[in-house]
Amino acid sequence: MHASEAGFRHLETAPIDPPGSLLWNPLTAGRDMLRDPLGRLAADWRAYGDVVRLRIGPIAYYGLSHPDHLQHVLQENNRNYVKGPIIARTRILIGDGLFTSEGDFWRRQRRLAQPAFHRQRIGGFGATMTDTAGEMLDAWSGAAATGEAFDLAAEMNRLTLRIVGRTLFSLDLQESAAAVGRALTDALDIVTQRFFTLLPLPLWVPTSPNRRFVRARRALDEAVLRIVGERRGAGRQHGDLLAMLLEARDPDSGEGMTDRQLRDEVMTFVLAGHETTAVALAWTWYLLGRHPEVEQRLRDEVADAVGRRTPTPADLPALRYVRMVVDETLRLYPPVWAFGRQAVADDRIGPFRIRAGAPVNLAVWLTHRHPDFWPDAERFDPERFAPDRAATRHRFAYLPFSGGPRLCIGNEFALLELVLVVTMMAQRYRIAPVDPDRVIEPLVRVTLRPQGGVPVRIRHA
Ligand code: HEM
């Protein structure tokens, strides 16, 4: 029986506050959360169950992880939930772009961007994805010859940044990739710290993190404005996302987007579109490195399905096991590990009251490990995503791309990229961890990064 069915029996009784703990000291509470957010989520779930109410000083927030409850918030009653104050903290970086905006403004921007993500158009990106991956793999031949170790995670970041630049903005971000990568790491570190700080100081207060953030944001702004400026000046037709954003007109006023809006959307797509996919690739190879039998099966499938030729989107149905490996990686290490929301009006989840105005944390990290849906959840087992097993599972038990109207707009883009890139890497190289016994912990930032990177050695396959 699902928890919400159980909940119906309570509908006649007055709702009660969910169980949870009270963290009196707001200053240390934030620090404790930051130290081990995933451990904290798991401990609260073990102690209190599927609906948790955590109070930090005067603020109460709710933690949800059961698929029924995620479905309720993200889909069935989505109009009662906005992204809210925690997500608003990312505005210092991505402004009012698609990820953070709300209401009619969000709907309009989503409609504008959607055509760039239609399946057919995404398919057209396949060649750019494989060309860019091919260039990276060519550049690896030196490391394959010498056996020199390198960090796969950093390489994946550069690759996905270039792919986003080329597909969505028809621009090569290779030159800026290193500088953008550093600025991004700095900026995201500080945004994460602010997530877990009760009352973050305004950016004009010249603390060391604030100054680092402002410097990083300036570097990112420069890169983004260069993208917009080059294209406004170029006057050439590109059928990409940026062209759609540049050509968009408000149906009432006939006005185009301001530079500020463009900057926010471009920054959103650069960030949302590359960091997530990069960490997914890094985790995939980390897991393959620890499961040689899975890797061998993947290599066999790649050899059968495409041999040595460059894969295309048309090969995806034949690369089913590669996709299962990717799906299972996104289960164990969902790059976006929790989604923040805020209840607009009072709501009810089973017997529990969700109070208006409270932040609600949808902990997909826990959902993907919920024992009612994922037996032996910590085990890496791509067979969970064999089509017959996946078809009978609760639709909201697996949500790496969220669900409901705020579903990731780039999900098909990301899955295509992941399958094509993993396939090409397997075709060209054998990839071995430098230290096969090292367990890599997730570093919790806005995404889940492999802590210390994924050091590997490669040789030609
Ligand atoms: C493995 C890769 C990816 C993962 C795991 C991922 C995950 C997510 C999740 C969970 C959300 C919703 C968050 C929420 O409900 O609060 C989201 C939204 C979004 N994603 Fe992705 N994403 C990925 C790749 C991409 C790519 C490649 C793009 C663009 C090219 C992209 C663009 C966006 C945008 C613009 C939004 C906001 C959509 C809206 O609210 O309308 N993402 N993503």
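This is a predicted model: local features need pLDDT of at least 70, side-chain atom pairs count only at pLDDT 80 or more; totals for chains, interfaces and linings use all residues.
**Figure 1. The whole protein chain, shown as an overview before the close-ups.**
The protein chain is built from 19 helices and 13 strands, and its C-alpha trace spans about 65 × 55 × 45 Å along the principal axes. A compact globule of 461 residues would have a radius of gyration near 23 Å, and the 22 Å of the protein chain agrees with that value. Of the 461 residues, 41% count as buried. Among the contacts that link residues at least 6 apart in sequence, 75% join residues that are at least 24 apart.

**Figure 2. The shell of residues around the ligand.**
The ligand is surrounded by 23 residues, of which the closest are Gly 273, Thr 276, Ser 402, Cys 408 and Gly 410. Two elements, α14 (259-290) and α19 (411-428), each give two or more residues to this shell. The largest share, seven residues, comes from α14. Sorted by class, the shell holds 15 nonpolar residues, together with six polar and two charged ones.

From its first C-alpha to its last, α19 reaches 26 Å over 18 residues, close to the 26 Å expected at 1.5 Å a residue. The helix is mostly covered, since 14 of its 18 residues are buried.

Helix α10, formed by residues 152-169, has 18 residues and reaches 25 Å from its first C-alpha to its last, close to the 26 Å expected at 1.5 Å a residue. Most of α10 is covered, with 16 of its 18 residues buried. Just after the helix comes Ser 170, which takes a positive phi of about 50°.

**Figure 3. The open sheet of six strands.**
Six strands in the order β1-β2-β3-β9-β6-β4 form an open sheet whose pairing is mixed. The edges are held by β1 (22-23) and β4, and each of these has a single partner strand, so one side of each is left without a neighbour in the sheet. In general, the strands of a sheet pair through backbone hydrogen bonds, either parallel or antiparallel.

Strand β6, residues 339-343, is mostly covered, as four of its five residues are buried. With strand β4 (residues 81-82), β6 pairs in the antiparallel sense over two bridges, and here Val 82 has Gln 342 of β6 as its bridge partner. With strand β9 (residues 359-362), β6 also runs antiparallel, and four bridges join the two. In this second pairing, Gln 342 stands opposite Pro 359 in β9, while Arg 341 has Val 360 of β9 as its bridge partner.

**Figure 4. The open sheet of three strands.**
Three strands with antiparallel pairing make up an open sheet in the order β5-β13-β10. At its edges stand β5 (150-151) and β10 (429-433), each with a single partner strand, so one side of each is left without a neighbour in the sheet. The pairing of β10 with strand β13, residues 455-460, is antiparallel and extends over five bridges. Within it, Ile 431 stands opposite Ile 458 in β13.

**Figure 5. Ala 377 in its loop.**
Ala 377 lies in the loop that connects α17 (364-367) and α18 (387-391). Having 15 other C-beta atoms within 10 Å, Ala 377 is partly exposed. Once its neighbours within four places in sequence are left aside, Ala 377 is in contact with Arg 369 and Pro 371. Ala 377 and Arg 331, which are 46 residues apart in sequence, are 9.4 Å apart in space from C-alpha to C-alpha.

Glu 441 is found in the loop between β10 and β11 (442-444). With 13 C-beta neighbours inside 10 Å, Glu 441 counts as partly exposed. Glu 441 and His 118 are 323 residues apart in sequence, and in space they are 36 Å apart, C-alpha to C-alpha.

How values were computed. Residues are numbered from 1 along each chain as its sequence is written. A residue is near a molecule or strand if its C-beta atom, placed from the backbone, lies within 6 Å of it. Ala, Val, Leu, Ile, Met, Phe, Trp, Tyr, Cys and Pro count as nonpolar, Asp, Glu, Lys and Arg as charged, and the others, Gly among them, as polar. Two strands pair if DSSP finds at least two bridges between them. The expected span of a helix is 1.5 Å times one less than its number of residues. A residue is buried if 20 or more other C-beta atoms lie within 10 Å of its own, exposed if 12 or fewer, and partly exposed in between; C-beta atoms are placed from the backbone. The radius of gyration is taken over C-alpha atoms; the globule rule is 2.2 Å times the number of residues to the power 0.38. Two residues are in contact if their C-beta atoms, placed from the backbone, lie within 7 Å.
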